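User: I am new to this structure and would like a close look at a single part of it. Could you pick one spot, go through it step by step, and then work outward from there?

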Amino acid sequence: MERVRTRIAALVLAAVTALALAGCGDVEDGDASAGAERGGRTLTVFAAASLTETFTSLGEAFEAAHPGVTVRFGFGGSSTLAQQIVQGAPADVFAAASTATMKTVADRGAASGQPRIFARNRLVIAVAKDAAGKVTSLRDLAGRDLKVVLCAEQAPCGDAAGKALRAGGVRVEPVSREKDVKAVLTKVRMGEADAGLVYRTDVRAASGQVTGVEFPESAEAGNDYPIAVLAEAPQPELAREFVRLVLSGQGRTVLAQAGFEAP
C-alpha cells in the first residue's frame, strides 16, 4: 500500500511540474493553447500598420459575434508582412496598404480567390508641435532646417511618398527611412523629427499630438487597400467571415470614421 501511495504522489508531482512549466511559456502561445482546450479557435490577420485602430475595433466586434474565437493581429509594413506570408508564416487573412504588395502574395499563389479593394487612403504631412507653422505645403519639406522622416521605399507609404514628391517636383533628404507609417508618425509625435509623410488616418488616430497638413499632390499618390483570404489559412471559414465584415456596411462605417475613403 505504501508503494502505491508513493507512486501516486510521484505522478501528481510530475503533473503539477508539467503544468507549471507550461505556464512559464510565451503568454500568447499559452492563451492559444488554453483556447484550444476550451474548444476555442484563433483567427490570425496580417494587416498594414495603418489599419491598427480600425482592424482592432473590427476584431473586437468579430469576437463578440463569434464566442470562443480569438482574433490575433500581426500589424506592420505591408511589404514585410507579404514576405513573411510567401515564406510560409501561418495566417488566415492579409490586408495590405497597396495593390502592388498584395500582387506579390497573389502571384506566389498564397492568396485564395481574388483580393477585394475595401478602402482608399491618401498622404498628409504630419508636423510636430514644435515645428507648427514651419510647414504649410509639400515644398516646405525641402527646407534644410527641417528634419523629415519617410517610410522605407519598399513600403506602400514610402512608394506613395515618392510619387507625391515627384508630382510636386520636390526633393527631400530624409533623416531616416522607417519600416512603416506608424514608425514615421512616432518619430514626429515624439519630436525626433519635424515632419513626415503619413496617411490621413494616422494623423486622425494621433488625436491632436501632431498637426496634419493636406497637400494637393497627394491626389497623385492615393493607395488602395486590398484584402484576401490566404490559400493556406488554418481557419478558412472564419477568414471569409472576417473579410465579409470588413466589406460590410459596419466595416465601411468604422473605416470612414477613421478617415479612410471608399474605394
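Let's begin with aspartate 107, which forms a salt bridge with lysine 103; their closest N and O atoms are 2.6 Å apart. Please keep in mind that this is a predicted model. Both residues belong to helix H5, and because they are four residues apart there, about one helical turn separates them. How open are the two partners? Aspartate 107 has a relative accessible area of 53%, so it counts as exposed. Lysine 103, at 48% relative accessibility, is partly exposed.

Helix H5 covers residues 99-107, and its axis comes within 9 Å of the axis of helix H4, residues 78-86, with a crossing angle of roughly 5°. Angles under 35 degrees count as roughly parallel, and H4 and H5 are therefore roughly parallel to each other. Which residues meet between them? From H4 come Ser78, Ser79, Ala82, Ile85 and Val86, and from H5 come Thr101, Thr104 and Val105. Sorted by class, this contact has four nonpolar residues, four polar ones and no charged ones.

From here we can turn to other salt bridges, of which the structure holds 14. One of them joins the side chains of arginine 177 and glutamate 153, at 3.5 Å from N to O. Arginine 177 sits in strand E7 (residues 176-178), while glutamate 153 is in the loop between strand E6 (148-151) and helix H6 (156-168), so this bridge ties together parts that are 24 residues apart in sequence. Here arginine 177 is partly exposed at 37% relative accessibility, whereas glutamate 153, at 59%, is exposed.

Lysine 187 and glutamate 192 also meet through their side chains in a salt bridge, with an N to O distance of 3.6 Å. Lysine 187 has a relative accessible area of 25% and is partly exposed; glutamate 192 is partly exposed as well, at 45%. Elsewhere, salt bridges with shared partners link Arg122, Arg200, Glu214 and Glu261 into one network.

Rings make up another kind of pairing. The structure holds nine aromatic pairs. In one of these, the rings of phenylalanine 73 and phenylalanine 75 have centres 5.0 Å apart and planes at 15°, so the pair is stacked. Phenylalanine 73 is partly exposed at 23% relative accessibility, and phenylalanine 75 is partly exposed at 29%. Both belong to one aromatic cluster formed by Phe55, Phe62, Phe73, Phe75, Phe118, Tyr199, Tyr225, Phe242 and Phe260.

Our last stop is threonine 211, found in strand E9 (residues 211-213). With 38% relative accessibility, threonine 211 counts as partly exposed. Which residues does threonine 211 touch, leaving aside its neighbours within four places in sequence? The contacts are Ile125, Ala126, Val127 and Val203. Threonine 211 and alanine 131 are 80 residues apart along the chain, and 9.3 Å separates their C-alpha atoms.

Note on methods. Residues numbered from 1 in each chain as written. Predicted model: local features only at pLDDT ≥ 70, side-chain atom pairs only at ≥ 80, totals over all residues. Heavy atoms only, no water. Axes fitted to C-alpha atoms, helices over the stretch in contact; angles between N-to-C directions. Helix = DSSP H or I, 4+ residues; strand = E, 2+ residues; numbered from the N terminus. Parallel < 35°, antiparallel > 145°, perpendicular 65-115°, else oblique. Contact = heavy atoms within 4.5 Å. Nonpolar A, V, L, I, M, F, W, Y, C, P; charged D, E, K, R; others polar. Buried < 20%, exposed > 50% of the residue type's maximum accessible area, 1.4 Å probe, protein only. Salt bridge = Lys/Arg side-chain N within 4 Å of Asp/Glu carboxyl O. Phe/Tyr/Trp six-rings, centres within 6.5 Å; stacked < 30°, edge-to-face > 60°.
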